[in-house]
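Here are my notes on this one, point by point. Have the model open while you read.

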Amino acid sequence: NIPVFTFDADLPGSKRISYVGEDLYRTGRIGASLLCKSIGYKGEIALLVGGMNVETSARRLNGFQSYIDEHAPNVKIVAIEETLSQHILTYQKTMKLLKSYPDLKGIWNAVSHSEDMAQAVMDSGRLNQIVLGEIKIYPKEERLEKQLRIDHNICMNL
């Protein structure tokens with residue numbers, strides 16, 4: 001008989017009283033709409049996710065893909081890379097995307113470490129060619145929007 005509330009991460013089926021946090025599916029849809037608008041609703045894009053088995057990544061990705069399917073037939077998701085929410089993997093996976101897809105128009109980072117994504121794009125010399133979107137979790141990323149040109153973010157500060 002202990003009342004349970006979940007905060008930031010839900011536990012479906014846990015008999016919790018309430019969940020306070022992000023609508024993950026909707027966040028994915030919003031991220032897709034922003035990225036699609038930024039690239040003119042056509043072209044190749046890629047996504048960075050923490051892990052496919054992690055609820056936050058999977059639900060954001062489902063929302064993102066549903067928006068693309070419904071509203072952006074000329075946008076193609078060419079790759080989805082798992083970063084395990086690690087700095088070095090985010091950088092390495094972004095560099096891999098940039099080398100593998102020369103026509104890439106945008107990248108959406110559905111987790112964290114956008115500074116590493118942006119740094120890789122800058123290091124590749126393609127900063128003015130790639131639209132970057134992010135989930136903004138940490139305040140330090142604000143400087144990136146000015147220095148490394150992250151085009152849009154969805155802020156997760158509660």
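**Notes on the fold**

1. Serine 100 sits in helix H3, residues 87–100. Helices here are DSSP runs of H or I with at least four residues, strands are E runs of at least two, and both are numbered from the N terminus. This is a predicted model, where local features need pLDDT of at least 70, side-chain atom pairs count only at pLDDT 80 or more, and totals for chains, interfaces and linings use all residues. Residues are numbered from 1 along each chain as its sequence is written, and side-chain values use heavy atoms, with hydrogens and water left out.

2. Why is serine 100 partly exposed? Because its relative accessibility is 41%, and partly exposed lies between buried (under 20% relative accessible area) and exposed (over 50%), with a 1.4 Å probe and protein chains only.

3. Now the cores, meaning sets of buried Ala, Val, Leu, Ile, Met, Phe, Trp, Tyr and Cys residues joined through side-chain atoms within 4.5 Å. The largest has 17 residues, and those touching the most other members include Phe64 and Trp108. Helix H1 (24–38), strand S3 (43–49), helix H2 (55–71) and strand S6 (131–136) each give it two or more residues. H2 supplies the largest share, 4 residues. Another core, of 16 residues, lies apart from it, with Leu97 and Met117 among its members.

4. Met117 also shows up among the buried residues of helix H4 (residues 114–124), as does Ala118. After H4 comes glycine 125, with a positive phi near 80°.
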